[in-house]
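Subject: The structure for you to look at

Hi there,

Here is the structure I promised to pass on. Have a look at it, and then read on for what turned up.

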Amino acid sequence: MFNQFGSTAETLSKASAAVLRIGTDAHLYDDPEDVSIAPLLDSKFESEKCEALKRLLALIAQGFDVSNFFPQVVKNVASQSSEVKKLVYLYLLHYAEKRPNEALLSINYFQKDLGDPNPLVRAWALRTMAGIRLHVIAPLALAAVGKCARDPAVYVRKCAANALPKLHDLRLDEHAPAIEELVGILLNDHSPGVVGAAAAAFTSICPNNFELIGKNYKKLCQILPDVEEWGQILLIGTLLRYVVARHGLVRESLMLSLHGLESNGFYEKDGDKSDSFDANLVSLVSKCYIEGPDEYLSRSNCVDTVAASFDSKETTSVGDNEDVKILLQCTSPLLWSNNSAVVLAAAGVQWIMAPLEDVKKIVKPLLFLLRSSTASKYVVLCNILVFAKAVPSLFAPHFEDFFICSSDAYQVKAHKLEMLSLIATTSSISSILREFEDYIKDPDRIFAADTVAAIGLCAKRLPKIPTTCLNGLLALVRQESFAGDLESVEGEAGVLVQAVMSIQTIIERDPLSHEKVIIQLFRSLDSVKVAAARATIIWMVGVYCSLGHIIPRMLTTITKYLAWSFKSEASETKLQILNTAAKVLISAEVEDFQMLRRIVLYVFELGECDLNYDVRDRTRFLKKMLSYKLACHEPAEDSVASQESIAAQVVEHVFGRKLNPFSPLNLHNRFYLPGSLSQIVLHAAPGYEPLPKPCSFVFEEHDQLSDSDRQREARNDLNGSQESSETVDEDGSSEYDSESYNGSEFSSDGDERNDANDAADPLIQISDVAVSTDPEELRSKMALDLWLDEESSTSNQTPSALDRNQSSYAKISIGDVGSRVKPKSYTLLDPGNGSGLKIDYTFLSEVSTASPLHVCVEVLFQNSSKEPIVEVNLEDEEAMKVSDSAEQTLVGKANASYNNVPTLIPMEELSCLEPGQSAKRLIQVRFHHHLLPMRLNLHYNGKKVPVKLRPDLGYLVIPYSITVEEFLATESRLPGMFEYSRRCAFTDHVKDTRMENGKDKFLSICESITLKVLSNSNLHLVSVDLPVANTLEDATGLRLRFSSKILSSEIPLLISITVEGKCNEDLNLTVKINCEETVFGLNLLNRIANFMVETSSSAS
Amino acid sequence: MLQCIFLLSDSGEVMLEKQLTGHRVDRSICAWFWDQPDSFKSLPVIASPTHYLFQIVRDGITFLACTQVEMPPLMGIEFLCRVADVLSDYLGGLNEDLVKDNFIIVYELLDEMIDNGFPLTTEPNILREMIAPPNLVTKMLSVVTGNASNVSDTLPSGAGSCVPWRPTDPKYSSNEVYVDLVEEMDAIVNRDGELVKCEVYGEVQMSSQLTGFPDLTLSFANPSVLEDMRFHPCVRFRPWESHQLLSFVPPDGQFKLMSYMVKKLKNTPLYVKPQITSDSGTCRVSVLVGIRSDPGKTIESITLSFQLPHCVSSADLSSNHGTVTILSNKTCTWTIGRIPSDKTPCLSGTLALETGLERLHVYPTFKVGFKIMGIALSGLRIQKLDLQTIPPRLYKGFRAQTRAGDFDVRL
């Protein structure tokens, strides 16, 4: 009947479940592939697209790879429906790294969305764009983050802060300063939400750039309580690290309190002072917090380095240090936070920094955390344990909070037990022991065994209680040995073993006074059946065989008993019996000696024919060692031969040694910062950083003037026309009002107000990306051709503004530098890898004969081995495979007409290369992407080696010869987001100008710059302008213009280099590129900036 | 920061994976995790050979997060708890089917809640505005039209304000605010029948539907009984520090204003007197339950549950009031309900031990459950709730209830 009912109930519940599932996405998850997804993606209905995307997500959720739909999905990024957009973004982020080429297609849509008036759309676009993690678009993403960091919507700024670690993760060194700059800006935001996210970015990007914190320290402390909980966690840690780095540890704090504790009134009424504070441990803890894993490892593994060597200069005091006081003040209310992680972080600060008497206030909040979820409870307990180890008295009055309740998880129970045994005091021990008695009867026997171990620990810590403990334990041993009859009860044996071991730990402190206990244990041998427990007791017989008066008299009986039971013992016990027999024999009294000798001989005989080879080995070993004892008839004969005395000494050394008390401190003498992952897993997790060295950061006061202020001042000095009436204040929200934000920053015509904002922001001045649209600058550019006879009065705000002071320009022409241009060569194959074959390649400026898309590369083969190398050839790897259709279509999109051209026009095969011989060959290559290397296969001597031919951006352009006028006209058509500039240093000329004294300095500077540029890229030099009014030494204002076209698309690309600085010193160059193809342009800009900085030999 | 979040069903199947950063985590880590021995698997923080794992288990669903670098483990765990809370709130519970059926919503929520491994929007009120929870109407709509977007087009107004928990300008025709004291009593009675620990964990739960930007002040008549407390982010610390006043701008709708502990209570409302005698392979059990100190209100839904020790082979238990059920995993539950006026509920019977065992040497622990409406056992009393500007048609309400938390009676 019940069955019947059950089945009805089952169908009912099934039916109701089916009803519930109507309208959910259940069918999509269950059968994601029951319809063909591809046509749905191309559907014109949003709902069908949506369904297709949901099916794809279902497949992702189930672990299938559906990246082959990527091209179709990317198309839908343009959808207007927010749901489709969200789903596409989810998909994109999952696969972008796998399909970088297709992901690039979506960039334009992100750019467009970034200008959307809806902040949610902007935020999504930014998140996704930064999240697709392609090196190629990193400059664009950085520019977008820069823009969004100044967005009027808090949510967008918050997303910008979150995007920074994503960019940092790409490890592009050239962007690092710009990213840190942005972190600084966002840390200075007036909205707590943004500051929280910025703190997270700070922690993962530049946790040791304390200057950024120093600038805003007070403000950060004030804003801390309003920051979102997750941000608080990291911000607390950051502030703590800053204060330690700046001011050092606090003199009154626990970390530095080795002496003089009594005077602090720290102990309250608690009776015994000895165990309330472990000074050694505390100093060890504080040492561990400060020193990294390397130092820890280099330090010898002993604990005697107690004297913590903190220089008094490296410490500070709460009383007279404002920063420390603020930190403590702003973190202490956070002990009431709803988020356990915040509470623990705040407690960590108090623990390290607070004066000794204030540390107490972390106790109750920490105990409250024990009422949270099981998982949190465990982590909190792990941390409390460290606190309690160092200062048991802190938690001693609250022992009741660590009483175990039946719903605790096993790990929590184990930690609570450890805690109880740590904090037990003479006043609380009786209650704790009563609890322990209850735990021993718990059905969970492993837990019961742990309890027995904890009793041992308690008894060891508190010397007054052992008698009670021992009686209890002995009773337990008796009781357990009955229960132990039944082997079926799992874990029962563990309790007994643990009980015996606990008794042993207690006894070993003072064996003499516990003689009776030892005897009782020996007597119980008969009833104890568990091998491990028996082995321990038998071992004790050996250790304590000469103790007191009664035991030596019992020895013969015990040994007889052992010999009698030897046959039936487990091998573990047998080994102990053998050991004990040996020890007993050595310490035997004269009257018992003969008797014992016979028993031991008997045991050894039994042992020699045991089934277990360990037992047999041990027997033989002992027999050999003790042969002198076994042979002689009197125990203490003086006339032993010399070799026998050596044997006796060895035996004495092996068996007669005193037990070394074992200190638990040695086990876990490594501590990590409270709340850290490393403290839980007990090893330094990657990325774990100890506290910074005290006072390692020297704060320079003048830095307090924030960058933007300085910038503004500088600009005001320069520029009288622009009054300081402009209200740009980094914490006033006025500039972010929605009126000024018209969402068109990425279109070519931004309004005046925006420009003012852009210029006011330090980002533009310092970072390498400038997307500002600046009509004023534009105007000045158009007027450039009139500059020869008219003074420029327009005010410029970009770095090129520096030439405002110069009145007129002279054009200079440079002689033939072409002969001195030395193209750079790259290594394709190292002779080490190629068994003596060395291959270098150089990009040529010649135009390819095959198609305009190809680049000519000269390959130089050199045989540096002793053998001739035959049949050397290079082949395209792709040509062998079936070409990937998706890739073809992508490349083909831009230049459909050249689609059928092979990517590599192969070279003539080298039939043989004699040792020492070298040969040049020409190959023509079409790169798929301007940053991605081309994979080639190198054949020689019948072998095939894959090699990578890396494109040089400088040669993916062709010279575009135009006049200056054309240059300027083109430049004026490419303003705003098509213009980017970067600054770099240049030093090549220094050598040059000094060597050739006769030459004009300006000329040689121009020459060396030109040479440098032309040696590294394929450009056309349009003009060189020299400011006429310059003094002889000042090269500022010198301007070189180069032009080129991008090889693949024939889009013009203009480069202007403006010089700043003195002739004989290092120069600062501003390189500006105008190009419609933003990605290519930015990458080329970075390339130029990089090679300008390199000091090359070609200039000399 | 977190690199990946997996949702595992109770059979170890990966239901969902959400990669958070570029460092992708292969789902094989879940298989590794699932194959670990139980004692290791149940650790909240696990160092696997390749990753550090944080896990919480909620209603049979394992939330697993991975990271490779140092980060506060509590942050990971608390975040997972938040995710579990939000999901169970959205889906009306948590189980394998619910997660699978609403996987799109789970994805959308996760995407909104965490960005690049760092929590982004975790405030439930804002999430509700961004991603609509599934309800009957949208379900029906999607059946009929095949299209119902649950993703909002606009950014919730609260997302950017300095009170992110509150939408900027909600409007209600009738303004209501209710305060509930919900308390849980934790107690331990040891084997000698002594009360060794008795404390109350309480929450002040509020439900507010107030127009505009209200500023509330809540005061207690006896704040000194509070041992320790934790606050919702909306509570200002200063007034509490100086006058023990709760001053705050409330979130809209349901929320937990604060939680508190009251310790060292003297009495439990119920007593449980278990007795057990064992001899020659059988045990006689009798348990009496009664009211120790009358709280003044009816004690409801009293239950008593315990795990029979392994060595018990069979049990025959009956009661003079309520029902007794013994499940196959040896969990015994005695549902009493209310204490009748005419008799003392008593559970009695015998347990047969496994053959060869004379006496019982391990004893179970009884977990007691009860509920009392209308009273806060901690004795905490709310004095008054003030609004700075009193809106028209304001209703204020106060309630209290106490239930058993970890109420253990050891035998």
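What percentage of the 411 residues of chain B count as buried? The figure is 57%, where buried means under 20% relative accessible area, exposed means over 50%, and partly exposed is in between (1.4 Å probe, protein chains only).

Some ground rules before the rest. This is a predicted model, in which local features need pLDDT of at least 70 and side-chain atom pairs count only at pLDDT 80 or more, while totals for chains, interfaces and linings use all residues. Residues are numbered from 1 along each chain as its sequence is written, chains are lettered from A and ligands numbered from 1 in the order in which they are written, and side-chain values use heavy atoms, leaving out hydrogens and water.

**The two chains**

Chain A has 1100 residues, and buried ones make up 57% of them. Its secondary structure comes to 46 helices and 18 strands; helices (H or I, at least four residues) and strands (E, at least two) are DSSP runs, numbered from the N terminus. Chain B has eight helices and 23 strands. Its C-alpha atoms fill a box of roughly 75 × 55 × 50 Å along the principal axes.

Now for contacts, meaning heavy atoms within 4.5 Å. In chain A, 69% of the contacts with a separation of 6 or more are between residues 24 or more positions apart. In chain B, 68% of the contacts between residues at least 6 apart in sequence join residues at least 24 apart.

Helix α6 (residues 82-95) of chain A has 14 residues and reaches 20 Å from its first C-alpha to its last, close to the 20 Å expected. The expected span is 1.5 Å times one less than the number of residues. Because 13 of its 14 residues are buried, α6(A) is largely enclosed by the rest of the structure. At its N-terminal end sits a cap, S81(A), with a side-chain oxygen 3.2 Å from the backbone nitrogen of E83(A). That is a polar contact: a pair of N or O atoms within 3.5 Å, where within protein one must be able to donate a hydrogen and the other to accept it, and residues adjacent in sequence count only if both atoms are side-chain atoms.

Helix α45 (residues 1001-1016) of chain A has 16 residues, which should span 22 Å, and its end C-alpha atoms are 23 Å apart, which agrees. Here 14 of the 16 residues are buried, so α45(A) is also largely enclosed by the rest of the structure.

**Hidden spaces**

There are 17 cavities of 30 Å³ or more. On a 1 Å grid over the protein atoms alone, a cavity is a set of points where a 1.4 Å probe fits but cannot get out, and lining residues have an atom within 4 Å of a point. Grid points are joined across faces, edges and corners, and a volume is the space filled by probe spheres set on the points.

The largest cavity has a volume of about 380 Å³. Of its 28 lining residues, the closest to the centre are L93(A), H94(A), K18(B), Q19(B) and L20(B). Which element gives the most to this lining? That is α6(A), with five residues. By class, the lining has eleven nonpolar, seven polar and ten charged residues.

D408(B) is in strand β23 (residues 394-410) of chain B. Is D408(B) buried or exposed? It is buried, with a relative accessible area of 0%. Its side chain reaches the backbone nitrogen of S406(A) at 2.6 Å. Beyond its neighbours within four places in sequence, D408(B) has contacts that include C405(A), A187(B) and F366(B).

S568(A) is in the loop between α30 (550-565) and α31 (571-586) of chain A, and it is exposed at 64% relative accessible area. A polar atom of its side chain lies 3.0 Å from the backbone oxygen of S565(A).

S301(B) is in strand β16 (residues 299-307), while K330(B) is in the loop between β18 (323-326) and β19 (331-337). S301(B) is partly exposed at 41%, and K330(B) is partly exposed at 24%.

Happy exploring!

Note on methods. 1 Å grid on protein atoms, 1.4 Å probe; cavity = no way out; pocket = protein on both sides within 12 Å on 5 of 7 lines; lining within 4 Å. Nonpolar A, V, L, I, M, F, W, Y, C, P; charged D, E, K, R; others polar.
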